[in-house]
Amino acid sequence: ACRYGETADGQYLQIQAMNTYFIFSWCGRSAVEDDTKVTYPAGSEDGIWTHWVVTFDVSSRERKVYKNSRSAITHVVRNEFIGYGVFTVGYSKIDLRPTAGQVDDVFVYREALLAPDVSSIYSGQGLTVRPWSLLLFLRFEDSADSSVAEDSSGNGNAGTIVGATKEACQKNPCSASLHQCNIHATCSSANDVVSCVCPSGYGGDGWVCSNVNECISPTSNNCDANAVCSDAEGSFTCTCKPGYDGDGVYCASRNECLSPSANDCHVFATCTDTESSFLCTCDEGYEGDGTHCSNGRLLVAMSQTVEEMVRLEKHILGLEGFLVGILLVGACLLAW
């Protein structure tokens, strides 16, 4: 932390998470300097591991703050930072006491990181392209009884822990607040490196997962050749085509001739089962398309009423008021 209006040659640098805001600022040569702040509701950050990154570009005088790899604020300031001396982490310069909270995995780089760099570090991959940029890396994961904060960068910038208790870090890199895997992906970690894998039905690198249409290619689904494949989010369904029965993965031709309600063949027709369908053929002595059959003299009509059949019989005989014996079964005229 710093006091405004410091006049010493070195400037105080402040990077600190407060109860309602995260602040990135410095002061010294200028009596007034703007703070770069990211605000949030009081208590909303309590008990949550948050990944903060601050950068300063000398050429553009831009301060940037990233929260969990996402840009939170960009601020152009009036003065660049010139400082030297002891570098403290989690310690207040104003009231000389440790920050009330936990600090872990502190990185210091020789250059202002870009957004892709921040995302790479946040995912646990580090700066694989420019490893020389890393100046200091405090993991705080050496033995808890040691007062030494080991520098894992290999640059020998180890520090001394004062006024604080060091504990082995127990945070889960795959907790929701610490990784940026896609909502559909599975997160796993080993040696602080986070891996994201898209599940079956999705394609991508784990950071981005997109639905795969398995119905485009027969080799991407297990639907039967006589089934219709329907794509769904992260999956697909198989439905047997008309005339087939089954679960879609296996479909067998349905024999519609086994049940009169499954076909529309006429009572004087023969039903023949075919692949996925059936065929109706009028019986010998009858003519028609199989769904309607006639014996050449009288069209058998199942739905005719008794009165209609009587009038039809009179018309056929040409006799008004005279009836030849009619054999009726239900409402159906069978012969005359």
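The model is predicted, so local features need pLDDT of at least 70 and side-chain atom pairs count only at pLDDT 80 or more, while totals for chains, interfaces and linings use all residues. Residues are numbered from 1 along each chain as its sequence is written, and side-chain values use heavy atoms, leaving out hydrogens and water.

Let's begin with the core. The largest nonpolar core has nine residues, among them Cys 174, Cys 181, Val 194 and Tyr 202. A nonpolar core here means buried Ala, Val, Leu, Ile, Met, Phe, Trp, Tyr and Cys residues joined through side-chain atoms within 4.5 Å; buried is under 20% relative accessible area, exposed over 50%, and partly exposed in between, with a 1.4 Å probe and protein chains only.

Now the rings. Rings of Phe, Tyr and Trp (its six-membered ring) pair if their centres lie within 6.5 Å; planes under 30 degrees apart are stacked, over 60 edge-to-face, and the rest tilted. That rule gives five aromatic pairs. One of them is Tyr 40 with Trp 52, a tilted pair at 6.3 Å centre to centre and 40 degrees between the planes. Tyr 40 is buried, at 8% relative accessibility. Phe 268 and Tyr 286 are stacked instead, with 4.6 Å between centres and 15 degrees between planes. Tyr 286 is partly exposed, at 26% relative accessible area.

Finally, a charge: the charged end of Lys 37 sits over the ring of Tyr 21, 4.2 Å from its centre. "Over" means NZ of Lys or CZ of Arg within 6 Å of the ring centre and within 35 degrees of the ring normal.
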